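Dear colleague,

Please find the structure below, handed over for your review.

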Amino acid sequence: MSYQVLSFAKGLYRYYKEQVNGNEDISLDQARRKMTRNMLFAHKANSEGYRSQKYMYGSLHFCVNDRGVITWIRNRQYSPQGFSVDHGKYIEVSKDLGIEDVETREGLIMRDLQNRLKQKHDWNRYGMINKDPYEVREA
């Protein structure tokens, strides 16, 4: 299957490398492919008040404009309630996109369990996260 690979707006590739665990040494090409996969599996959020579509992939939130450019990223945010990924499809899409460090099914299950525990207790390893501080709210 053919996918349009996303690109990063200025400064966001660096943010991704520095703030998303396990991606310190990732190439630009691989980061773009991973973010494309993340978008395909992400929860599509209400984007009212944003210029781009907002996605929530676990605790990684990001916006993508109509041209396929990632315009905003924040990591370590709250994870959408009930967020999960089909492990078989995740591995298949990763291979289709040419992502080099594809996780095993067992690794994905373990990560999914960890995320469910975080959601259940409404916390993550960086502290309590009860709401999205970047969410657009009515005055």
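Trp72 is placed in strand S5, where strands (E, at least two residues) and helices (H or I, at least four) are DSSP runs numbered from the N terminus. At 16% relative accessibility, Trp72 counts as buried; the term buried means under 20% relative accessible area, exposed means over 50%, and partly exposed lies in between (1.4 Å probe, protein chains only). Trp72 and Tyr15 are 57 residues apart in sequence, and their C-alpha atoms are 9.8 Å apart in space.

Please note that this is a predicted model, in which local features need pLDDT of at least 70 and side-chain atom pairs count only at pLDDT 80 or more, while totals for chains, interfaces and linings use all residues. Residues are numbered from 1 along each chain as its sequence is written, and side-chain values use heavy atoms, with hydrogens and water left out.

Overall organisation

The protein has four helices and seven strands. Along the sequence these follow the pattern β-α-α-β-β-β-β-α-α-β-β. Of its 139 residues, 40% count as buried. Where contact means heavy atoms within 4.5 Å, 53% of the contacts between residues at least 6 apart in sequence join residues at least 24 apart. The protein exposes about 8800 Å², of which carbon and sulfur atoms supply 48%; accessible areas come from the Shrake-Rupley method with a 1.4 Å probe, and for residues only the protein chains shown count as cover.

Tyr15 and Arg74

Tyr15 is found in helix H1 and is partly exposed, with a relative accessible area of 21%. Leaving aside neighbours within four places in sequence, Tyr15 is in contact with Val20, Ile73, Arg74 and Asn75. Arg74 lies over the face of Tyr15, at 5.9 Å from the ring centre; the criterion is that NZ of Lys or CZ of Arg be within 6 Å of the ring centre and within 35 degrees of the ring normal. Although 59 residues separate Tyr15 and Arg74 along the chain, their C-alpha atoms are 8.7 Å apart. The side chain of Tyr15 also reaches the backbone nitrogen of Asn75 at 3.0 Å.

Arg76 is placed in the loop between S5 and H3. At 22% relative accessibility, Arg76 is partly exposed. Arg76 has a positive phi of about 65° although it is not a glycine. Most residues other than glycine have a negative phi.

Nonpolar core and aromatic pairs

The largest nonpolar core has 26 residues, and those with the most contacts inside it are Phe8, Tyr16, Met35, Tyr57, Phe62, Ile70 and Ile73. The elements that give two or more residues to this core are helix H1 (12–19), helix H2 (28–41), S3, strand S4 (60–64), strand S5 (69–74) and helix H3 (87–97). Such a core is a set of buried Ala, Val, Leu, Ile, Met, Phe, Trp, Tyr and Cys residues joined through side-chain atoms within 4.5 Å. In soluble globular proteins, nonpolar side chains tend to be buried together.

A search of the whole structure finds four aromatic pairs. The ring centres of Phe8 and Tyr13 are 5.9 Å apart with the planes at 55°, so this pair is tilted. For Phe8 and Tyr16 the centres are 5.8 Å apart and the planes stand at 50°, so this pair is tilted. Rings of Phe, Tyr and Trp (its six-membered ring) pair if their centres lie within 6.5 Å; planes under 30 degrees apart count as stacked, over 60 as edge-to-face and the rest as tilted. Ring pairs link Phe8, Tyr13 and Tyr16 into a cluster. Both Phe8 and Tyr16 are buried, whereas Tyr13 is partly exposed, with a relative accessible area of 22%.

Two polar residues in loops

Ser47 lies in the loop between strand S2 (43–44) and strand S3 (53–57) and is buried, with a relative accessible area of 16%. The side chain of Ser47 makes a polar contact with the side chain of Gln53 (3.0 Å). A polar contact is a pair of N or O atoms within 3.5 Å; within protein, one must be able to donate a hydrogen and the other to accept it, and residues adjacent in sequence count only if both atoms are side-chain atoms.

Asn65 is in the loop between S4 and S5 and is buried, at a relative accessible area of 14%. A polar atom of the Asn65 side chain lies 2.9 Å from the backbone nitrogen of Arg67. Apart from neighbours within four places in sequence, Asn65 is in contact with Ser52 and Thr71.

Yours sincerely
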